[in-house]
Each structure stands twice: as C-alpha cells, then as structure tokens.
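This report describes one protein structure for a reader who is new to the subject. Please keep the sequence and the 3D view at hand while reading.

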Amino acid sequence: MTVFIIVAAVVLVVVLQMILQRMQAGKLVCDVYPDTDQAEPDEKFNIVVRIENTSWMIFPFVRFGVTIPNELELHSQIRTVSRPPFAIEVTGSAMLLPHRKFERKIEVSAPVRGSYRIDSVYVETGDFVGFEEYRQEYVKFNTVAVYPRPLENVEVRETLGSLIGRMSVRRFIHEDPILVAGFREYTGHEPMRAISWLQSARAGQLIVRKYDFTSDPFVSVLLDTEDAGDLLETSFSLARSVCDYLEENRIEYDFFMNCALSGANCRQHYFARGLGHLHHRGILKQLAMAVSTCDFSGTELISKAMDSVRTAPGLIIISAKRTGNKDRLIASLAAEPSIMVREMYAEDHLQGSSAEREAV
C-alpha cells in the first residue's frame with residue numbers, strides 16, 4: 001500500500017509538472033543581439049543570448065539555438081550543431097530557476113565588409129523526466145555593419161595631401177574680404193580697395209587692411225560605383241581612406257554616393273557637410289551596408305551634387321575605373337575657377353596614379 005501511494009504521488013507530481021510546465025513555457029523571454037551595431041574588419045564582438053524565466057516554475061533544462069551568418073568567424077569555445085549553406089547554428093543549454101536569467105556570449109568577428117543580420121533563435125524546454133519538449137522560435141532583425149578596410153597605400157595620402165595643399169595656397173592668395181585681422185604697410189601689390197584711408201591718414205602713409213579667413217577648408221566627396229564589377233570593394237576601401245584622411249586633418253566634407261544599400265528603408269545617399277566621430281561613423285556604416293547595384297548613374301550622381309559642389313573649393317570624385325560618360329560634367333566643374341577637382345580611381349590604387357584637373 002505504501003509503495004502504491006509513493007508511485008501515485010510520483011505520477012501525480014510528474015503529471016502536474018508537465019501540465020504546469022506547458023502552461024508556463026510562455027513565461028520564458030528570449031532575446032539575441034550583438035553588443036555593437038558597427039565594427040571594424042576582424043574586430044571581435046559578442047552575440048548575446050539572454051533567456052529569462054519570469055515564472056515561479058523550475059525549468060530543469062533550457063536549450064537554445066541561434067543562427068549566425070556563415071561568414072562570421074567563431075572565437076568562443078561553443079558547440080556548433082550544423083552548418084547550413086548560409087549560416088551556422090550555435091547551441092547551448094542551462095537550468096533556469098524561478099525569476100532567474102541566463103546569458104551566453106558568443107564571440108565572433110567578420111573579416112569581410114558587409115551588413116550581418118542576427119535573425120533567428122529558438123528555445124526548447126522540457127519536464128523533469130523528459131517526456132515532452134516545447135519549442136518556441138523568435139525572429140530578430142539586429143544587424144552589425146562591418147566597415148570596409150582602409151587602403152594601406154602611401155600614394156593615396158600623397159594625392160590627398162597635394163590637393164589640400166593646393167587648396168591652402170589658393171586660399172592664402174585669395175584672402176577673404178570679410179573679416180579684418182589688422183593693418184600693414186602698403187607694398188604696391190595690393191588692390192586699391194584694400195587701402196584703409198582712415199588708417200593711412202593717421203599713419204601718414206598708405207596702410208592696407210589685412211584679412212583673415214572666415215571659413216574652414218571644405219571639400220565634397222563623390223563615390224560612384226556604377227559598373228564597378230570586381231573593383232567594388234576597392235572602391236569602398238578607397239572612399240574609406242579618403243574620409244579617414246579628411247578626419248585626421250580636420251577638413252570638413254560632405255559625401256555623396258549612388259550605390260544601393262541593404263535594408264528596405266536604407267536610401268541615404270548624401271551626408272551633409274560635417275566632421276567628427278558621428279559624421280565619420282555614419283558614412284562608414286553606409287559603406288558597410290552598400291551592395292553591388294546602383295540606385296542611379298554616375299552622371300546623375302554628379303548632377304545631384306552640383307549645388308553643393310559649387311560651394312566647395314575642393315571636389316574629390318572616386319570611381320572604380322575611367323569611363324567617358326562623366327567626362328563632360330567633370331570638365332565643366334574643373335573649368336570653374338573656384339573649384340579644384342581631383343579624380344581617384346580604384347583601378348589605379350596600387351600604382352597610386354590619379355587624374356587631376358584644376359582651374360587655376
């Protein structure tokens with residue numbers, strides 16, 4: 001009789017556990033996300049799996065499986081159970097007490113530029129004796145944008161340094177006639193409008209105004225990836241190197257591009273004039289999310305940028321290779337006396353050659 005009571009009690013506990021476990025399975029809250037939304041190539045970051053038991057039940061085992069892109073490199077000592085064509089499935093398990101959280105970090109890195117989505121995770125639970133299992137799947141839309149690598153090319157920096165140097169010389173020659181910084185003696189080379197007749201009367205000799213600059217150097221950067229083909233990644237790396245150089249030298253710039261971007265709501269082809277960490281990261285993120293197709297042609301890109309370009313003393317046009325369809329527009333810009341135009345081609349980056357058109 002005692003044995004029968006014990007067996008009945010065990011069966012009752014198991015049945016109740018199964019019923020309650022099924023009722024409480026929805027009390028598990030699962031999330032998966034990367035601990036950053038942007039990264040450099042080969043920079044390590046974590047994919048975090050977090051499961052919370054919001055009920056008063058004990059879950060003797062909770063098993064998870066998260067799908068990550070196949071291009072990511074795993075650095076954590078963690079089990080991978082399958083390798084589908086485009087993804088890796090990483091699994092793990094734990095016991096969850098009432099109102100406790102479980103967190104697992106999966107360290108990964110991406111060697112290649114791109115936008116990587118962490119989009120699928122499932123959670124499986126069961127009762128104490130393993131009679132029944134329950135599975136719940138979650139779909140997430142978290143992404144990590146991995147920047148293009150900068151070009152390790154001295155000639156690129158020399159090309160940009162030459163352009164900025166020429167802009168500075170021109171800026172020095174053509175003083176800004178708005179802000180007066182002081183006065184000096186007339187040398188005979190200054191225009192008559194620079195003479196200050198009041199100061200000349202006081203000094204008894206001709207005195208001219210000395211002007212200061214009221215604006216900082218500024219350039220427009222255009223990235224054209226039309227028909228880039230196998231030079232696409234080099235074009236992105238070249239654009240990244242240009243932006244890095246301008247940031248290092250504290251030169252403000254705006255940025256135009258015509259490449260399409262991954263994501264349904266990503267259609268930003270223009271970044272207004274700016275400088276600094278947020279401006280730089282915003283452009284690099286768009287370069288990371290760019291794909292091989294273009295939303296409009298290189299000719300349209302230049303046409304869209306015309307108004308901004310004409311206000312900038314410097315223009316940098318980045319293309320994969322030389323084509324004749326944009327030459328007329330570029331030549332018309334180069335003919336304007338206030339603009340210095342520099343063309344940079346991905347196909348030339350190893351030799352460092354570039355074509356320069358200047359209006360002196």
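## Terms and basis of the model

A residue is called buried when its relative accessible area is under 20%, exposed when it is over 50%, and partly exposed in between, using a 1.4 Å probe and protein chains only. The model is predicted: local features need pLDDT of at least 70, side-chain atom pairs count only at pLDDT 80 or more, and totals for chains, interfaces and linings use all residues. Residues are numbered from 1 along each chain as its sequence is written, and side-chain values use heavy atoms, with hydrogens and water left out.

## Overall architecture

The protein has seven helices and 20 strands. These elements are DSSP runs numbered from the N terminus, with helices (H or I) of at least four residues and strands (E) of at least two. Of the 360 residues, 46% count as buried.

A contact means heavy atoms within 4.5 Å. Among contacts between residues at least 6 apart in sequence, 73% join residues at least 24 apart.

## One face of helix 7

Helix 7 covers residues 327-334, and its buried residues are Leu-329, Ile-330, Leu-333 and Ala-334. Seen down the helix axis, these buried residues fall within an arc of 135°, so they line one face of helix 7. The arc is that of the directions from the helix axis to the C-beta atoms.

A salt bridge is a side-chain nitrogen of Lys or Arg within 4 Å of a carboxyl oxygen of Asp or Glu. By this rule the protein has eleven salt bridges. One of them joins the side chains of Glu-40 and Arg-240, at 2.8 Å from N to O. Glu-40 lies in the loop between strand 2 (38-39) and strand 3 (45-53) and Arg-240 lies in helix 4, so the pair ties together parts that are 200 residues apart in sequence. Glu-40 counts as partly exposed because its relative accessibility is 28%, whereas Arg-240 is buried because its value is 6%.

A salt bridge also links the side chains of Asp-42 and Arg-149, at 2.6 Å from N to O. Here too distant parts of the chain are linked: Asp-42 is in the loop between strand 2 and strand 3, and Arg-149 is in the loop between strand 10 (133-146) and helix 2 (154-173), 107 residues apart. Asp-42 is partly exposed at 40% relative accessibility, and Arg-149 is partly exposed at 39%. Glu-252 and Arg-273 likewise meet through their side chains in a salt bridge of 2.6 Å, N to O. Glu-252 is in strand 14 (residues 252-257) and Arg-273 in strand 16 (residues 270-274), 21 residues apart.

Which side chain of opposite charge is nearest to Glu-247? Glu-247 is found in helix 4 (residues 232-248). This residue is buried yet has no salt bridge, and the nearest side chain of opposite charge, Arg-250, is 4.4 Å away. In this count Lys and Arg are positive and Asp and Glu negative, while His and the chain ends are not counted.

The side chain of Glu-247 does make a polar contact of 2.8 Å with the side chain of Tyr-253. A polar contact is a pair of N or O atoms within 3.5 Å; within protein, one must be able to donate a hydrogen and the other to accept it, and residues adjacent in sequence count only if both atoms are side-chain atoms. Leaving aside residues up to four places away in sequence, Glu-247 touches Tyr-253, Leu-275, Gly-276, His-279 and His-280.

## Positive phi angles

Most residues other than glycine have a negative phi. Asp-42, although not a glycine, has a positive phi of about 70°. Asp-227 is not a glycine either, and has a positive phi of about 55°. Asp-227 lies in the loop between strand 13 (218-224) and helix 4, and it counts as exposed because its relative accessibility is 56%.

## Cysteines

How many disulfides does a search of the whole structure find? The search finds zero disulfides, a disulfide being a pair of cysteine sulfur atoms within 2.5 Å. Cys-30 counts as buried at 4% relative accessibility, and Cys-243 counts as buried at 0%.
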